[in-house]
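Here is a friendly walk through one structure, meant to be read with the model open beside you. Please have the sequence and the 3D view at hand.

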Amino acid sequence: MSDGNQDHHQQFLRAFTTHEPAVRAFVRRLVPTRADADDILQEVAIVLWEKYEEFHEGEDFKAWACGIARYKVLSWLRDKGRDRLVLNTEVVELIAKESLRDESQLHQQRIALESCLEKVPPTDRYLLAQAYQSDAKIQDIAETSGRSVGGFYQWLYRMRQMLLDCIHRNIAQESSI
């Protein structure tokens, strides 16, 4: 690979890895399952790489990637059109527009959440992460924490409230700067 090609490849990878979580979240909001979103995101990554020559430095990579993702979702919906669980294209277009509009706020909230989670003691952070695993069994996590199931749910509620308050404070601080 020549130096020019390697630089081009590295620029793409930097841009894609930076914005991949936001593009994944955008796609995930438009399709019913994570597996569907993963499949579509793979297709999006291929198209982004193939069309990267058309992307001009200084443009908004995330907006460009979400635009391509939107078309890939619409294509996927067309292919799955006979499935009753798939939204019609007008609804998906509406959700896509609203998702793009809200993406800045969601990004700000994700950053605030990360900051707030860093303030949580490691043991509590571990229990929170365990509680949100797809295969989580609250009874097992409660037992690990030394709490009853009811006590664990109360603790989880308090942790969520504490994180939400922290997120609101962080966003308010950012807005006042």
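## A buried leucine

Let us begin with L48, which counts as buried because its relative accessibility is 0%; buried means under 20% relative accessible area, exposed over 50%, and partly exposed in between, with a 1.4 Å probe and protein chains only. L48 has its place in helix α2, where helices (H or I, at least four residues) and strands (E, at least two) are DSSP runs, numbered from the N terminus.

What does L48 contact, leaving aside its neighbours within four places in sequence? The partners are F12, F16, F61, W64, A65 and I68, and contact means heavy atoms within 4.5 Å. One of these partners, W64, is 16 residues from L48 along the chain, and the two C-alpha atoms are separated by 8.8 Å.

## How to read the model

This is a predicted model, in which local features need pLDDT of at least 70 and side-chain atom pairs count only at pLDDT 80 or more, while totals for chains, interfaces and linings use all residues. Residues are numbered from 1 along each chain as its sequence is written, and side-chain values use heavy atoms, with hydrogens and water left out.

## Where α2 meets α3

Helix α2 covers residues 34-50 and helix α3 covers residues 61-79; their axes come within 9 Å and cross at roughly 125°. Axes here are lines fitted to C-alpha atoms, for helices over the stretch in contact, and angles run from 0 to 180 degrees between N-to-C directions. The two helices, α2 and α3, are therefore oblique to each other: angles under 35 degrees count as roughly parallel, over 145 as roughly antiparallel, 65 to 115 as roughly perpendicular, and the rest as oblique.

On the α2 side, the contact is made by D36, I40, E43, V44, V47 and L48, and on the α3 side by F61, W64, A65, I68, A69, K72, V73 and W76. Sorted by class, the contact of α2 with α3 has 11 nonpolar, no polar and three charged residues. In this sorting, Ala, Val, Leu, Ile, Met, Phe, Trp, Tyr, Cys and Pro count as nonpolar, Asp, Glu, Lys and Arg as charged, and the others, Gly among them, as polar.

## Aromatic rings

A pair of aromatic rings is described by the distance of the centres and the angle of the planes. The structure holds 10 aromatic pairs. The rings of Y52 and F61 have their centres 6.4 Å apart and their planes at 65°, so this pair is edge-to-face. For the terms, rings of Phe, Tyr and Trp (its six-membered ring) pair if their centres lie within 6.5 Å, and planes under 30 degrees apart count as stacked, over 60 as edge-to-face and the rest as tilted. Y52 and F61 are both buried.

One aromatic cluster is formed by F12, F16, W49, Y52, F55, F61 and W64. Its member W49 lies in helix α2 and is partly exposed, with a relative accessible area of 37%. Beyond its neighbours within four places in sequence, W49 is in contact with H8, H9 and F12. W49 and F12 are 37 residues apart in sequence and 7.2 Å apart in space, C-alpha to C-alpha.

## A lysine in α3

Is K62 buried or exposed? K62 is buried, with a relative accessible area of 18%. This lysine has its place in helix α3 and touches H19, A22 and E103, not counting residues up to four places away in sequence.

Helix α5 (residues 122-131) and helix α6 (residues 138-145) have axes that come within 10 Å and cross at roughly 170°, which makes α5 roughly antiparallel to α6. L127, Q130 and A131 of α5 make the contact with I138, I141 and S145 of α6.

Helix α7 (residues 149-176) packs with α6 at an angle of about 85°, their axes 9 Å apart, which makes α6 roughly perpendicular to α7. Here I138, Q139, I141, A142 and S145 in α6 meet V149, F152 and Y153 in α7. These residues divide into six nonpolar, two polar and no charged. One of them, Q139, counts as exposed at 57% relative accessibility. The C-alpha atoms of Q139 and N170, 31 residues apart along the chain, are separated by 33 Å.
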